[in-house]
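Hi,

Here is the structure I promised to pass on.

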Amino acid sequence: MGKDVARADGVPDVLKNMATDNKLDPLVLGIGGDQTQHLIYRLQNGELLPAFADEDNAVFVILIGTNNLGSGMLPDPTAKGVRAVAEYILDHTKGHLAVMDLLPRGDGKVKLPRLCPPRCRPDGDPFKSFIPAITKVNSRIDHMVPELQKEYGRRIGHFDCGGKFLAADDRNEVDINLMPDLIHPNKDGHKLLAQCMMQYINGIAT
């Protein structure tokens, strides 16, 4: 319990400052351990408030899927789950949907051996990194968004903040100064996320 509190130190202030500085009224629906199917269930059962869903100028930002990979789900069904979330939001809201590419995570050496079997390399050994799986999911998101734009137009777009979290000396590893536990951004990491997010939001507003 203490570890989770330390992980979140200063993070609420980042959101508060972002909202204040940019005159936003945010609704945060993220829950620890969330997977795509959990988010859809909650959206279907009351968390998508009408005041937000019916607002033409609302911007819905989703960052979901890394916990699917962390539970052993493969990239393809994970990406399909992201698409299901996106389609549900687009079908039940009037605003703009921004899909964020998955952030890198560096806990593969600890987590992946526990997932093998069944999630193993062809030689039977466990995978060593989540980065290749994350890259595959993000590639599918990159293809998904233009496909959905054919139906929903400019109501959907996507952006990528992941490069900011990679170590400068090894682009296959995360920056522990921004992700001390190798998966969750700390206060400084959330500041970068906020800047990246606002850059996208300001871009669609022009």
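Residues are numbered from 1 along each chain as its sequence is written, and side-chain values use heavy atoms, with hydrogens and water left out.

On confidence: pLDDT is the predictor's confidence in each residue, from 0 to 100. The protein averages 92, and 96% of the residues score at least 70. Helix α1 (residues 2-7) has the lowest confidence, with a mean of 54, while α6 has the highest, at 98. Where pLDDT is low, the predicted coordinates should not be read in detail. Helices (H or I, at least four residues) and strands (E, at least two) are DSSP runs, numbered from the N terminus.

Now the strands. β2 (residues 96-100) is largely enclosed by the rest of the structure, because 5 of its 5 residues are buried (buried means under 20% relative accessible area, exposed over 50%, partly exposed in between, with a 1.4 Å probe and protein chains only). His-96, Ala-98 and Met-100 point one way from β2, and Leu-97 and Val-99 point the other way. In a regular strand the side chains alternate between the two faces of the sheet.

β1 runs parallel to β2, with 4 bridges joining them, and Phe-60 has Leu-97 as its bridge partner in β2. β3 (residues 156-159) also pairs with β2 in the parallel sense, over 4 bridges, and there His-158 stands opposite Val-99.

Val-59 lies in β1 (residues 59-62) and is partly exposed, at a relative accessible area of 31%. Leaving out residues up to four places away in sequence, Val-59 touches His-96, Ile-201 and Ile-204 (contact means heavy atoms within 4.5 Å).

Finally, helix α8 (residues 131-152). Its 22 residues should span 32 Å at 1.5 Å a residue, and the end C-alpha atoms are 30 Å apart, which agrees; the expected span is 1.5 Å times one less than the number of residues. Its buried residues include Ile-134, Val-137, Ile-141 and Leu-148. Among the elements covering the buried residues of α8 are α6 (75-92), β2 and β3. Gly-153 follows α8, with a positive phi near 65 degrees.

Cheers

How values were computed. This is a predicted model: local features need pLDDT of at least 70, side-chain atom pairs count only at pLDDT 80 or more; totals for chains, interfaces and linings use all residues. Two strands pair if DSSP finds at least two bridges between them.
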